[in-house]
Amino acid sequence: MPLADELPSWVAMAATERHVRRRERSHPRSEPLPTPATRPAVPGAVIELADVSKRYDSGDTGLDKVSFAVQPGEFVFIVGASGSGKSTTMRLLIKETEPTAGTIRVAGRDLSGITRRKVPYYRRNLGVVYQDYKLLPNRTVYENVAYALQVTGGSRREIREKVPDILRLTGLSLKLHSRPDQLSGGEQQRVSVARAFVNHPPLLLADEPTGNLDPETSIGIMQLLYRINKTGTTVVVATHDVEMVDKMRRRVIELSQGAIVRDEQAGAYAARETTREFTLRLRGEES
Amino acid sequence: MKLGFFLREALRALKRNAVPSFAAMATVLVTVLILGVFIPVVQATTGAANEVRGRVIANVFLKTDASDRDVARVKNLLENETPNVASVEYVSKEQAYRAERRRDKQAYELLGANPLPDTFRVTPDKPDNIGKVRNALSPVGPGGGRTVIDPAIDEVNNREEETNKILSITRVVKLTTAVLAALLVIASVLLIANTIRLSLYARRREVEVMKLVGATDWFIRWPFVIEGMLLGALGGMLAVLLLAVFKIALIDPLAAEYALIAAPDTMNFGVLIAVLLGASIGVSAMGSGLSLRRFLRV
């Protein structure tokens, strides 16, 4: 059982609040770049898809005229059976592929305007968590997380300061010098989350983050994402774990064969709950 | 530049991938060793061929009754008005007589008088142009026989058969060595590039992850390039060391005794080492950098 789960929730919250403050210092209001709009952009949206279609070369349809917008601070699930377009959406958002039609805006910026050379700089503003963790196999937990900072030219001091902090938040303080193959799946996914969040990106994407994990470990990961969301970071999670989604009671966008079939807003009550209440509910021990 | 970081990353990769790194280094070592032996051999061969070709000359024999004015006029003609001439050497009948007498004293003493003509030895700018020089000096007349362009010239002779043999044989030798050298260089580059490619292929997932975390192409590439340079330098240095031992232990004692090994102009050993080292480092670095390109498209 990772350490953070055993701590009273206020400890975790304190750590989180420190992150919020630091984030405000290091990202003093990043204005979205103005882009010429073909269709009026949803004001203030972090993510905006407008009539996005993706057809693969094989003839398969990934997405078919999908439109939705995500506001800052939202926690959104994208659900659907495999092949419904969840992963396509994620890959489009990190600009791993290009849409066949439609525009995608992230923080007001049209992704089609980002050249191949600029893609790395764009990706630094996103935290991404993958189903298969995608950790660097030959590096320790510490080094894996540090790499995300080194990529952006982070100084050694910055690394020494931020990495232990984020690893404490994700409950990996005792595993600093383990390599990924010495960790359990849940721990590896925590490293992946830590790496995604160490830069304090305004947007965190998770593609099937619990796909390879057992239910109890999955709750731990979801809890972590929830906590990250509480710092103001927008979180988008693609998953097929419908049971988990139902318990979380967040906004759900359901895709089927590349089209949106359901877009449910979160219940208002969920926004104010503490991590503890949240966890209890996830475990099905709602009071 | 984050040179320190890139260097550390490269060293880490070398340590973590010891076996493929060793394979790449061994490849560099073997190819450099082969090239190091082969380059001087090629040079010696072409040097020898060129030396033989340098002996291709045309002799312009003057008439025995040519006066000093005739000699001066023909000399001017050869030096200034004939194309494709590199140099002209004048051998007077007295010089020729002395030289020949040294060879066969008795025969020349029997002769008493000097039967030899004044001669110009004309070296063409390129051995292959010998025919042009000859044709310029003694064009083929309408009747098929040769005429001369100056009345004082008796005959222009280039020992045609020998010359042609020399030219064709040396041409074949030079061409063969050039082709062999080119093939060897291509094979070396491919071999090194392929070894590097294999070791990169094993790490393509790592490159993909780096790319997804937001690393720029060059941020990922630099450590690989440095790694390639280190491997190339190491393999190259080991090979050069072996070559030096080989040279000192085997070639130098032989060269002292056999003129054949010492004679042809081969590349200076220092220059050879510099070229080999530079090439091994350059090829390895470029091989790493270029092979990586495929895996960076994420």
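Strands β3 (residues 75-79) and β8 (residues 234-239) of chain A pair in the parallel sense over five bridges; pairing takes at least two DSSP bridges. Across from A:F75 sits A:V235 in β8(A). This is a predicted model, where local features need pLDDT of at least 70, side-chain atom pairs count only at pLDDT 80 or more, and totals for chains, interfaces and linings use all residues. Residues are numbered from 1 along each chain as its sequence is written, with chains lettered from A and ligands numbered from 1 in the order written.

**The sheet**
- Six strands of chain A form an open sheet with mixed pairing, in the order β6-β7-β8-β3-β9-β10; strands are DSSP E runs of at least two residues, helices H or I runs of at least four, numbered from the N terminus.
- β6 (126-129) and β10 (259-264) of chain A sit at the edges with a single partner strand each, so one side of each has no neighbour in the sheet.

**Helix on helix**
- The axes of α8 (residues 215-230) and α10 (residues 275-282) of chain A come within 10 Å and cross at roughly 150°; axes are lines fitted to C-alpha atoms, for helices over the stretch in contact, and angles run from 0 to 180 degrees between N-to-C directions.
- That makes α8(A) roughly antiparallel to α10(A), a label for angles over 145 degrees.
- Residues in contact (C-beta atoms, placed from the backbone, within 7 Å) include A:M222 and A:Y226 of α8(A) and A:F278 and A:L282 of α10(A).

**Chain A meets chain B**
- 15 residues of chain A touch eleven of chain B.
- α5(A) gives the most to chain A's side, with four residues.

Note on methods: Angles under 35 degrees count as roughly parallel, over 145 as roughly antiparallel, 65 to 115 as roughly perpendicular and the rest as oblique. Two residues are in contact if their C-beta atoms, placed from the backbone, lie within 7 Å.
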